[in-house]
Amino acid sequence: MNSGPREWDAKTYDAVSDPQLSWGMEVLSRLELNGDESVIDAGCGSGRVTEELIKRLPDGHVTAIDGSEAMIDEARKRLGDGVSYEVADLAELEVEKPVDLIFSTATFHWILDHDRLFTHLRAALRPGGRLVAQCGGEGNVAEHARAIATVAARPEFAAHLSGMTGIWNFASPEETEARLRNAGFTEARCWLEPKPVQPEHPLEFTSTVTLGPLLAQLPEQQRRPFAEAVLEESEKPLVLDYVRLNIEARAAALGS
Ligand SMILES: C[S@@+](CC[C@H](N)C(=O)[O-])C[C@H]1O[C@@H](n2cnc3c(N)ncnc32)[C@H](O)[C@@H]1O
């Protein structure tokens, strides 16, 4: 089961992603680095968090990977030539040379098949290499998802959306630790952290971040009405009940 990546409105994401930047900075602040590591930023988006990661790696090298061409273009504009770039589906990732660290923020919940994802990430790490990540976890945006489901069930929208299966994988720490062990990781440690957010521009934020895959299924003229109806269906002011899943693990030696 893999839904595959989609295109994003990278310019708007860059403008509205202050919450993602602040969560990314928190993950970075607990990351111990020598400064010379080879690192993949898995799902780099427009590169705002990648930019901070690079500052911690004066003698290292960063490969910025994302499934959206528009995001990689935006990241390239921000970060310039010192970084390697790749448009790729992380659930199918293959690298020529395994790296010391895979870092990822606000991305893994967009990938439905975590077993496949973690197997590919393990293969992209050298034995002993680390995975340090954060994504949406169990309970993430539960109230927002309820509002979305209510609006999506209205006949004018259901005609376009009824075939859609889940758009997010908000996994629990326990199932994620088990999946990591199965994929060849050791020292797997996962935990949840509530992080409610009141977006400054709710329509822009939800249209770009949370509603993206649904809006992509709707005819152009229904997209804005759908997003407005979701806001109408939500408590005001909109507070998104974000819950982040933190992930830390080490690649086991092959064959162990
Ligand atoms: C919310 S953005 C996070 C970007 C950045 N890490 C940040 O924290 O601002 C999620 C990113 O994950 C990427 N993504 C989602 N599914 C993916 C997949 N299967 N393979 C590669 N990238 C994917 C999207 O294209 C998007 O850029």
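Which of the 20 residues around the ligand come nearest? Select the ligand to begin: Tyr13, Gly43, Asp66, Asp89 and Thr105 come nearest, where a residue is near a molecule if one of its heavy atoms lies within 4 Å of it. The model is a predicted one, in which local features need pLDDT of at least 70 and side-chain atom pairs count only at pLDDT 80 or more, while totals for chains, interfaces and linings use all residues. Residues are numbered from 1 along each chain as its sequence is written, and side-chain values use heavy atoms, with hydrogens and water left out.

**The ligand**

Select Gly43, where a backbone N or O atom lies 2.7 Å from a nitrogen atom of the ligand; a polar contact is a pair of N or O atoms within 3.5 Å. Select Asp89 next: a polar atom of the Asp89 side chain is 2.9 Å from a nitrogen atom of the ligand. At Trp8, an N or O atom of the side chain is 3.3 Å from an oxygen atom of the ligand. The ligand on its own has 600 Å² of accessible area, and the protein covers 98% of it (Shrake-Rupley method, 1.4 Å probe).

**The sheet**

Now display the strands (DSSP runs of E, at least two residues, numbered from the N terminus). Seven of them form an open sheet with mixed pairing, in the order β3-β2-β1-β4-β5-β7-β6; two strands pair if DSSP finds at least two bridges between them. β3 (84-87) and β6 (185-194) stand at the edges with a single partner strand each, so one side of each has no neighbour in the sheet.

Select β4 (residues 99-105) and β5 (residues 125-136), which run parallel and are joined by six bridges. Helices are DSSP runs of H or I with at least four residues, and contact means heavy atoms within 4.5 Å.

**Backbone details**

Select Ala106, in the loop between β4 and α5 (114-123). Ala106 has a positive phi of about 60° although it is not a glycine. Is Ala106 buried or exposed? Ala106 counts as buried, at 18% relative accessibility (buried is under 20% relative accessible area, exposed over 50%, partly exposed in between, with a 1.4 Å probe and protein chains only).

Glu187 in strand β6 also has a positive phi, of about 50°. Glu187 is exposed, with a relative accessible area of 57%.

Finish at Pro237, in the loop between α11 (220-232) and β7, where the peptide bond from Lys236 to Pro237 is cis, with omega near 0°.

Key:
Polar contact = N/O pair within 3.5 Å; in protein donor to acceptor, adjacent residues only side chain to side chain.
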